[in-house]
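Here is a quick tour for someone meeting this protein for the first time. Take a look at the sequence and the model, then read on.

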Amino acid sequence: MSKFKAIILLLFISSSVFANDRPNFNLLTASRNQLPAPIKITVHIDPVYNTEKQYKAYPLAKIVNSLARQSTKSLIDSILVFTATDGYKVTMSYQDALLEKGYIAFKDLSAKNESWVKFKFGNESITPAPYYLVWTNPELDKWRYPSPFQLTSISLQSATSYFSSAAPVSNNTKVKQGFSLFSRYCIRCHSVNHTGGKLGPELNLPKNITDYYSEQKLTDFILDASSFRPKTKMPVFKNILNNEDALAIQYYLKAMKSKQK
Ligand code: HEC
């Protein structure tokens, strides 16, 4: 290798190790000393096996904190992106991840000879290997605390770049605050410009939601959807968000009228 190429390579490696706008932790290639010390954990109602499980696992917070140290972006509107073997991606709020105890499980302690016990997934019989995200607090909302299996990597990204079609153009503080709340609490189920989840309706296309709901109705709906539709799958937010938050989300949604695509 020429000296020139070697220097370029060195620059590339050092910048990707120390500072990055999208730091990534590859679970498959991480060395022993990059991985945190494993511990034994108990999950009371495992979301995949529907029973109590014990695993050997790495504390998620340790991995997330090492990603945060490498990040060059503001962490306030950051999200974690979990990628599985087949390329499937699940996201969650960076702030939420650090509020609870999450673990990256790599061995099922009830499996006798192998590392994992199989489970039925559609027509197939599969295992969560190589890595599986679990949470020990049984009270957590699944839409905020996902449990993806067959994980291969975790990255820390800004919501603005990951959900770029749903990100506002405006630099207004309220609008930005609203997007930050929306990407933390709503985007899992709702899309804006077809970016986001599909459980709830799209909120900008073809008509922006603020065009057909009054501000007061929208605030009431966001804080307590069950008072409008008793069997709705939308969670009640009045214990998590206040009026001001609901208004900030509306500033953001209104701002998206100028970016309908
Ligand atoms: C777990 C999924 C989920 C989450 C999270 C969620 N919603 Fe919903 N939302 C729904 C579903 C499902 C509906 C459809 C309501 C129904 O008819 O049951 C809905 C309906 C709505 C509606 C009414 C849409 C219409 O056209 O009538 C609004 C507005 C809304 N959600 C805003 C939000 C906001 C803002 C957040 C975040 C604070 C949020 N939702 C979080 C699932 C969700």
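The shell around the ligand divides into 15 nonpolar, three polar and three charged residues. In this count Ala, Val, Leu, Ile, Met, Phe, Trp, Tyr, Cys and Pro are nonpolar, Asp, Glu, Lys and Arg are charged, and the others, Gly among them, are polar. Of the 21 residues around the ligand, Cys-186, Cys-189, Gly-200, Thr-232 and Met-234 come nearest; a residue is near if its C-beta atom, placed from the backbone, lies within 6 Å of the molecule. Helix 6 (residues 215-223) gives the most to this shell, with three residues. Helices (H or I, at least four residues) and strands (E, at least two) are DSSP runs, numbered from the N terminus.

A word on the source: this is a predicted model, where local features need pLDDT of at least 70 and side-chain atom pairs count only at pLDDT 80 or more, while totals for chains, interfaces and linings use all residues. Residues are numbered from 1 along each chain as its sequence is written.

Now for the sheets. Strands of a sheet pair through backbone hydrogen bonds, either parallel or antiparallel. Two strands count as paired if DSSP finds at least two bridges between them. Here are two of the pairs:

| Pair | Sense | Bridges |
|---|---|---|
| Strand 2 and strand 3 (residues 53-59) | antiparallel | five bridges |
| Strand 4 (residues 78-84) and strand 10 (residues 151-158) | antiparallel | seven bridges |

Contact here means C-beta atoms, placed from the backbone, within 7 Å.

Finally, the protein is divided into domain 1 (16-161) and domain 2 (166-255), with bounds from an automatic or database domain assignment. Their contact takes 10 residues from domain 1 and seven residues from domain 2.

Key: Two residues are in contact if their C-beta atoms, placed from the backbone, lie within 7 Å.
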